[in-house]
Amino acid sequence: MYYRKKFGKFALLSVGVSTFALTAHAFETTTPPEPPAFPAEAKVTYVARDSILEFKALPAYSEPEWVSEKFENAGKLPPLKDRLPEEPLVYKVANMPDGIGVYGDTLRHVIGGRPEGWNYMAGQSQGWGGIDIGLSECLTRTAPLFQVNAEDTEPLPNLARSWEWSKDGHKLTMHLVKGAKWSDGHPFTAEDVMFYWEDAVLDPNVSPLGGGASPEAFGEGTTLVKIDDYTVEWTFKGAFPKQYLYTMAYPSFCPGPAHVLKPQHPKYSDNSYDQFKNAFPPEYMNMPVMGAWVPVEYRPDDIIVMRRNPYYWKVDEKGQQLPYLDEVHYKLSTWADRDVQAVAGSGDISNLEQPENFVAALKRAAEPDAPARLAFGPRLIGYNLLMNFSANGWGNPDEREQAVRELNRNPEFRKAVTSALDRKAIGDSLVKGPFAAIYPGGLSSGTSFYDRNSTVYYPYDLEAAKAALGKIGLVDTDSDGIVNFPAGTAGGGNVEIVVLVNNGYTTDKSLAEGLVGQMAKLGIRVVINALDSNQRDAAHYSGRFDWAVRRNTTELSSVVQNTEQLAPVGPRTSWNHRAPEGKDVDIMPFEAEMVSLVDRFITSQDNAERAELMKKYQKVYTENLYTIGLTEYPGALIINKRFSNVPAGTPIYMFNWAEDSIMRERMWVAADRQGKYELYPEQLPGKPGDGGPMN
């Protein structure tokens with residue numbers, strides 16, 4: 001591994017332990033309490049992986065009549081057969097809960113984010129809430145795997161229609177969808193894949209959205225080459241690292257349109273990297289996508305409108321080009337309003353993830369005239385307190401920030417912090433009832449890899465926590481109720497810690513406010529730095545935080561997705577321990593053990609061995625407090641009752657968010673239930689950069 005080159009196999013740096021003595025203090029540990037029973041959890045119907053889709057040519061294809069009449073027959077579009085691949089992706093009717101659909105209607109989202117622009121591969125947010133998932137198709141797809149039998153959960157094909165391994169397992173040949181096109185009609189080829197790899201993943205100045213697209217995410221020393229226009233070849237150091245097939249799904253390998261982006265990239269122009277990133281602002285309409293809908297209108301603080309992609313490369317078994325829905329809306333409001341509108345029927349879909357809204361939503365959904373149905377999934381929404389472990393420059397810390405990072409690296413300090421948290425009170429402050437559970441951190445209890453007996457829990461013990469601070473030299477020397485740094489460290493001032501929080505979510509802010517109060521009892525002053533989503537992400541990715549309250553991502557809920565983010569296996573894979581440009585991660589011994597376990601998990605082909613590795617990983621993680629768990633609870637999918645083809649028991653978050661898990665491109669509304677919500681009926685996306693749709 002990269003850190004061994006400099007520090008040896010399990011080197012321990014003095015940073016983080018030199019100033020604050022590692023005096024042992026006996027904290028009692030146990031397994032976490034059993035979570036309360038939750039009878040409202042919906043059940044999933046499990047299927048075989050190959051029952052969902054296949055690639056094949058069909059005898060004939062069709063599209064909405066108005067597209068044929070107004071565009072194809074008028075010479076504004078090529079014939080449908082020329083817009084589809086040689087062998088489109090075909091969704092199988094046997095896996096459609098309500099069968100083959102009909103065209104028409106609108107899916108109305110409400111989101112709290114705001115778009116920065118359309119350059120996903122350069123790190124621009126489109127506003128979240130499912131926008132980026134709808135625009136960006138990736139090499140593989142994992143979100144629908146929540147319904148696939150556990151022994152059959154290899155990622156689904158997508159832009160990569162098939163692949164095969166060499167005999168020794170070091171090479172993977174991927175075959176792309178031949179003849180697929182971007183929404184402006186330009187061919188999708190290996191050129192798009194290579195541009196993303198060479199000029200986004202491998203370029204340290206480019207950070208694709210999602211944070212997981214770094215060279216290390218695909219394995220140290222991995223290479224990718226173009227064989228021909230529809231074939232690429234991966235070469236890996238390890239044999240049969242099938243884990244990386246998951247990394248090739250959203251959000252880590254979703255190529256952008258090279259024919260539009262490449263001329264703006266600094267490597268091929270006089271642009272700076274900032275100019276490249278911002279070359280396609282939200283006002284830039286009709287950005288070429290491989291997704292089912294294309295952005296055709298943006299009204300600041302109002303709405304984003306998307307229309308069907310006439311070149312979309314997926315069909316149903318009748319040959320009907322997807323999507324069934326002609327238009328998609330993203331109303332720009334707040335995340336809390338998303339729940340309110342979905343329950344009321346003025347919005348169509350919401351991931352009910354803010355527990356403050358649970359009780360009211362359940363009551364409304366239970367009423368006979370409720371427009372939406374609501375289904376809870378397993379406890380897969382967890383929140384962790386992340387401590388910045390980088391002591392060698394990530395984020396350019398000042399003297400106080402450096403002192404905090406040294407504290408963060410002290411295991412006795414982390415034990416004091418976690419033992420000062422009353423997690424029962426934290427959960428109850430969000431929602432009463434059997435929702436929230438005690439969460440020590442680490443793997444979500446809803447994942448199949450979770451093992452309660454391998455989970456180390458430090459129970460609430462405020463007095464022991466206070467005593468531990470004193471033993472490592474943190475004493476209130478000025479009698480103001482806040483402990484001070486030792487003399488000679490940060491001027492001997494109060495221990496003040498700034499916690500980074502997403503200002504767009506009520507739950508995040510509530511947890512941070514609770515953290516402030518509970519840490520004050522311990523004698524630590526916590527100050528909240530609440531930033532809107534885009535600014536919050538920028539601060540996090542650049543290392544400008546002491547602590548951060550952060551909702552868990554896929555690696556803790558599925559394990560097999562973005563697995564490299566479970567540990568600092570590379571300088572940009574960990575969420576709380578990264579390296580500044582040109583330096584190595586100043587890794588700690590327990591992190592080195594985690595890296596080893598993750599590496600072995602990725603390369604293992606034995607399911608029993610993988611399960612045991614995750615048990616060991618969970619023990620090392622929770623015992624050493626890699627992060628500090630705050631709370632864990634289930635989420636619920638709210639969906640308007642008029643929509644068909646929504647799989648039962650869809651979790652709002654597992655391999656990915658529910659917007660991808662439900663496969664929106666195959667959702668439909670019966671003709672007699674369709675509403676008149678379209679803002680641009682019978683219109684299609686215009687040319688890239690034009691002011692709006694083509695009519």
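Trainee: How many disulfides does the structure hold?

Mentor: The model is predicted. A disulfide is a covalent bond between the sulfur atoms of two cysteines. The number of disulfides that this structure holds is 1.

Trainee: Which residue does the disulfide join to C138, and what is the S to S distance?

Mentor: Two cysteine sulfur atoms count as a disulfide when they lie within 2.5 Å. C138 is joined to C254, with an S to S distance of 1.9 Å.

Trainee: How many residues apart in sequence are the parts that the pair ties together?

Mentor: C138 lies in the loop between α4 (131–135) and β4 (140–141). C254 lies in the loop between α6 (244–247) and α7 (258–261), so the parts tied together are separated in sequence by 116 residues.

Trainee: Are C138 and C254 buried or exposed?

Mentor: A residue is called buried when its relative accessible area is under 20%, and exposed when that area is over 50%. Both C138 and C254 are buried.

Trainee: Which are the edge strands of the open sheet of 5 strands?

Mentor: The order of the strands is β18-β17-β19-β16-β20, with mixed pairing. An edge strand here pairs on one side only, and the two that do so are β18 (525–531) and β20 (628–633).

Trainee: Which residue in β19 stands opposite V499?

Mentor: Strand β17 (residues 496–502) runs parallel to strand β19 (residues 547–551), and 2 bridges join them. The residue in β19 opposite V499 is W547.

Trainee: At what angle to β17 does helix α16 run?

Mentor: Helix α16 (residues 533–541) lies across β16 (381–387), β17, β18 and β19. Its angle to β17 is about 130 degrees.

Methods
Residues are numbered from 1 along each chain as its sequence is written. This is a predicted model: local features need pLDDT of at least 70, side-chain atom pairs count only at pLDDT 80 or more; totals for chains, interfaces and linings use all residues. Side-chain values use heavy atoms; hydrogens and water are left out. Two strands pair if DSSP finds at least two bridges between them. Helices (H or I, at least four residues) and strands (E, at least two) are DSSP runs, numbered from the N terminus. Contact means heavy atoms within 4.5 Å. Axes are lines fitted to C-alpha atoms, for helices over the stretch in contact, and angles run from 0 to 180 degrees between N-to-C directions. Buried means under 20% relative accessible area, exposed over 50%, partly exposed in between (1.4 Å probe, protein chains only).
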